[in-house]
Amino acid sequence: MISNPLSTSLIRAIKNHGHPLWGAVLVGVLVWIMLVLGVWIAPVWDEQGMLNSIQQKHSLYQLLQWIWLESRPYRPFSNTLSYPILYGIQDKALAWQVMRGINTLVLLLATVVYFSFLQQQRRLSPSHKTIIIFVLLFSPAMLMVASWGPNLFDAWSYLFIAIGLWSLGRNKYVIATLCFSLSFFCKEISILIFPFLLYWWLNGKIKVRPYIAINIALLLAFTLYMLLRSRVIELGGSTDIHSFDVSKLHHAFYLYVSTMWQQSIASIPYLGWCITGIMFWQLRTSWPALLGGALLIIASAVLYQNMLHLGTAPIIAHTVFQPRLYLIPGVLLLVIILLHSRSLWIPLLLLIPLQISGLIWHFMYYHQFQTAYKHIEQKALNQKRPLHILGQPGTQFSIWNTSRLSYTVWLPSNAPSHLQMDYQLLNSTGQLVALPKATTD
């Protein structure tokens, strides 16, 4: 997939002999990896269900058939790239770590490609290069995607869009079209490439004929994806990811702008809007950049309607995974800002404290979330039978069985009446509360 010119460009992007700042980049990458490893604590939420589903298949053919004809959510190409590797690992305790490791490696490769694309399009000083790499890596979105297995959809989409952008910048339109098309089959959020391509054309980076040809090819690819998807998931139906409500779009837009820079439910709303204003002020000399940035924000808010949260949340809740939603939209917007900002230092120095504050807060949040699961594991290890835990509304049914431990977290709505629940998992604190044993007369 990566041509020789791209490989050469990547090598040039990470080598700059004689400048000490690249040593800082290497240290930064190592620190980021250590940060990610710091939240490799326990398999959580959909990770458990994903591995259970993969290892229940009797053959690799059956696995691939399930991926393309049955699996939900329907992201067949990213699954095809990761699931066979996990299928070959029978030890589930190792498999969930490999799953996260794949995401981490894909993200690192994609970050190098994005950086290479930026360097291809704008002359950057060594200090700018160093800080841009830090901004790309040290975000809550990158941490979350690297450290939660089901984010493989985001990771692979991120990589294919990166290679597509690099190819677009080199006028390699066939490769760009192919990569963007493959990204559709990794995750639906890849349709954000359409507003980016519009910006690219309006900015004079591509001529009309190739622009129209790429869009027609991508529309055909996306239509094919949606047709295959509709065989498994009815669009907007009860099995779809979330519903859309036109009357609530203004609220979705407010939430997205409020949270997109700190990428956290603990974001400061008015600060988010203020930073957005400053960023767009930096783009004032390029109306294509202003339009492209605005369309990206609006489209992201629409696509993520009902999926964003701002404010306090329980320790055990889906809100812990929210930063993943900013990965692709955030980087596409960042690319536009860095290519057109009159001063690179203004957006970079604004983003660093925002992202770091969001990163620190979310690291602690996700650490607490996984620690609660680790506590369940420790309890299960002490049992000579499967451990049954009653969740509260807002938790997710999960089951984890290995040669050493076995536990199930039941939803209140589907907990079997004939089973004695051992503990109740409290959403608010992540604590396990022992339940009284049933007595028999």
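Helices in this predicted model are DSSP runs of at least four residues, numbered from the N terminus.

**Exercise 1.** Find which residues a cis peptide bond joins, and locate the proline.

Solution. Step 1: most peptide bonds are trans. Step 2: the bond between Arg72 and Pro73 is cis, with omega about -5°. Step 3: Pro73 sits in the loop between helix H4 (60-69) and helix H5 (76-87).

**Exercise 2.** Decide whether Trp45 and Gln263 are buried or exposed, and give the phi of each.

Solution. Step 1: most residues other than glycine have a negative phi. Step 2: phi of Trp45 is positive, near 55°, and Gln263 has a positive phi of about 55°. Step 3: Trp45 belongs to the loop between helix H2 (21-37) and helix H3 (46-55), while Gln263 belongs to the loop between helix H13 (249-259) and helix H14 (269-282). Step 4: buried means under 20% relative accessible area. Trp45, at 9%, is therefore buried, and so is Gln263, at 6%.

**Exercise 3.** Describe the largest cavity: its volume, its lining and the classes of its residues.

Solution. Step 1: the whole structure holds two cavities of 30 Å³ or more. Step 2: the largest has a volume of about 220 Å³. Step 3: its lining has 23 residues, and those nearest its centre are Gln263, Tyr326, Gly330, Val331 and Gln355. Step 4: H16 gives the most to this lining, seven residues. Step 5: by class, the lining has 18 nonpolar, five polar and no charged residues.

**Exercise 4.** State which residues line the second largest cavity.

Solution. Step 1: this cavity holds about 30 Å³ of space. Step 2: its lining consists of Leu118, Arg122, Leu124, Ile132, Leu338 and Leu339. Step 3: five of these are nonpolar, none is polar and one is charged.

Note on methods. Residues numbered from 1 in each chain as written. Predicted model: local features only at pLDDT ≥ 70, side-chain atom pairs only at ≥ 80, totals over all residues. Heavy atoms only, no water. Helix = DSSP H or I, 4+ residues; strand = E, 2+ residues; numbered from the N terminus. Buried < 20%, exposed > 50% of the residue type's maximum accessible area, 1.4 Å probe, protein only. 1 Å grid on protein atoms, 1.4 Å probe; cavity = no way out; pocket = protein on both sides within 12 Å on 5 of 7 lines; lining within 4 Å. Points joined across faces, edges and corners; volume = space filled by probe spheres on them. Nonpolar A, V, L, I, M, F, W, Y, C, P; charged D, E, K, R; others polar.
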